[in-house]
Amino acid sequence: MAVLHSNGFCFAAVAFNHPPSVSHGAGAVKASCSPFSSPLVPLLSLQRQAVPGNNGSPETKENSLVVCFGEMLIDFVPTTNGLSLAEAPAFKKAPGGAPANVAVGIARLGGSSAFIGKVGADEFGYMLADILKENNVNNEGMRFDPGARTALAFVTLRKDGEREFMFYRNPSADMLLQESELDFDLIRKAKIFHYGSISLITEPCKSAHLAAAKAAKDAGVIVSYDPNLRLPLWQSADSAREGILSIWNTADIIKMSEEEISFLTKGEDPYDDAVVRITQSDFSGRVKGLKVDAVDTTGAGDAFVAGILSQLAADLSLLQEEDRLRDALKFANACGALTVMERGAIPALPSKEAVTNAMLKLVA
């Protein structure tokens, strides 16, 4: 197992020691990045079956489509940092939801993406569908529920730009997606299929999620997973841990944060060599992140995932060349860094031109 891990990006071979259910088999690439000054560091794990040359499946797909599955909702973000929800004088309405953020992020970077999920047959739901279309995201896999509302999330921004969430989904439409509503043709056309863990919390969406992932896997599609820990949405910490790990081995790519590693390992230090240890590697090193003033960290990890998935979808062989992998990680870091400089997730996701300009300024 290889890793891309540290405050910028370093990559080396690693394996988890604890718990056994978090362990990966030989031949994964694990990565982490911190595109801005923050206590949470996204990590990205890439299983070797995602690399060209194994069984012939992923690299034979001529398209670069990334299909994102899960929730899309409305984030209400305070206009002033450092206040509680009750103290906030006003909120900015912003489209969000981690899988949808990734889909828009990829499209903004010039890639090809689609979103599969369910929203309410209400003004917010139709607005979200329009936003996807305006951002060149294929929304043919969206479904509209006349009996449930589009999910809402109020986000508290602390003075350091980090967030606390309060959700309104009792149940929301995204929780009610059924297997019979899935667009399996769209899933099978993908080169990469990306999802989170929130869609695993309740039925019928859980069964739809598992069916979609199986269809993707059976079709030779690369499977990307973001645990996206949101403890308030789960019945308990134990159920969250069990649910997140239940599909761990299905994924070819896994994005995590320091917080999620500590949670899954029941409190272990993600930087402790006893938890993450070097075992074998073709190459290792570090890619520095970008230092920026964080206004709102919402969507930073999703922007990073969009950055790396857009490049993997275009050319999987970059994983086998250190210099090209370094460049890809620098690009993904810049995507995350630029996103935290504005409020909201989707509104802040950068274009390819903005990311390129930011990287050029670093070189200058």
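Some ground rules. This is a predicted model, where local features need pLDDT of at least 70 and side-chain atom pairs count only at pLDDT 80 or more, while totals for chains, interfaces and linings use all residues. Residues are numbered from 1 along each chain as its sequence is written, and side-chain values use heavy atoms, leaving out hydrogens and water.

Confidence next. pLDDT is the predictor's confidence in each residue, on a scale from 0 to 100. The mean for the protein is 81, and 76% of residues reach 70 or more. Residues 52-57 fall below 50; this stretch has nine contacts beyond near neighbours in sequence. A contact means heavy atoms within 4.5 Å. Residues 276-280 are also below 50, with 18 such contacts in the model. Where pLDDT is low, the predicted coordinates should not be read in detail.

Now the overall picture. We have 10 helices and 16 strands. These are DSSP runs, numbered from the N terminus: helices are H or I with at least four residues, strands are E with at least two. Of the 364 residues, 58% are buried. Buried is under 20% relative accessible area, exposed is over 50%, and partly exposed lies in between, with a 1.4 Å probe and protein chains only. The accessible surface is about 14600 Å², and 49% of that belongs to carbon and sulfur atoms. Those areas come from the Shrake-Rupley method, again with a 1.4 Å probe. Take contacts between residues at least 6 apart in sequence: 74% of them join residues at least 24 apart.

On to the cores. A nonpolar core is a set of buried Ala, Val, Leu, Ile, Met, Phe, Trp, Tyr and Cys residues joined through side-chain atoms within 4.5 Å. The largest one has 53 residues, and M72, F115, L309 and L312 have the most contacts inside it. Elements giving it two or more residues include β6, β8, α8 and α9. A second, separate core has 36 residues, among them F193, C205, A208 and A215.

Look at α8. Its 15 residues should span 21 Å, and the end C-alpha atoms are 22 Å apart, which agrees. Of those 15 residues, 14 are buried. Back in α9, the buried residues include L325, F331, C335 and L338.

In strand β6, residues 73-78, find V77. V77 counts as buried because its relative accessibility is 1%. Leaving out residues up to four places away in sequence, V77 touches A90, F91, K92, V155, L157, D296 and G344. V77 and L157 are 80 residues apart in sequence, yet 7.4 Å apart C-alpha to C-alpha.

Salt bridges. The definition is a side-chain nitrogen of Lys or Arg within 4 Å of a carboxyl oxygen of Asp or Glu. The whole structure has 11. One of them joins E181 and K118, with the closest N and O atoms 3.1 Å apart. That pair links distant parts of the chain, 63 residues apart: E181 sits in the loop between β11 and α4, K118 in strand β8. K118 is buried, at 5% relative accessibility. K118, D145 and E181 are linked in a network of salt bridges.

D238 pairs with R241 at 3.2 Å. Both lie in helix α6, three residues apart, about one turn. D238 is exposed at 54%, whereas R241 is buried at 13%. R326 is partly exposed at 22%, and E322 is partly exposed at 25%. An α-helix has 3.6 residues a turn, so residues three or four places apart point the same way.

Last, the backbone. Most residues other than glycine have a negative phi, and most peptide bonds are trans. Here, a cis bond joins N170 and P171, with omega about -10 degrees. The bond from E203 to P204 is also cis, omega near 5 degrees. N136 has phi near 65 degrees and is exposed, at 63% relative accessibility. N228 has phi of about 45 degrees but is buried, at 9%.

Note on methods. Expected span 1.5 Å × (residues − 1).
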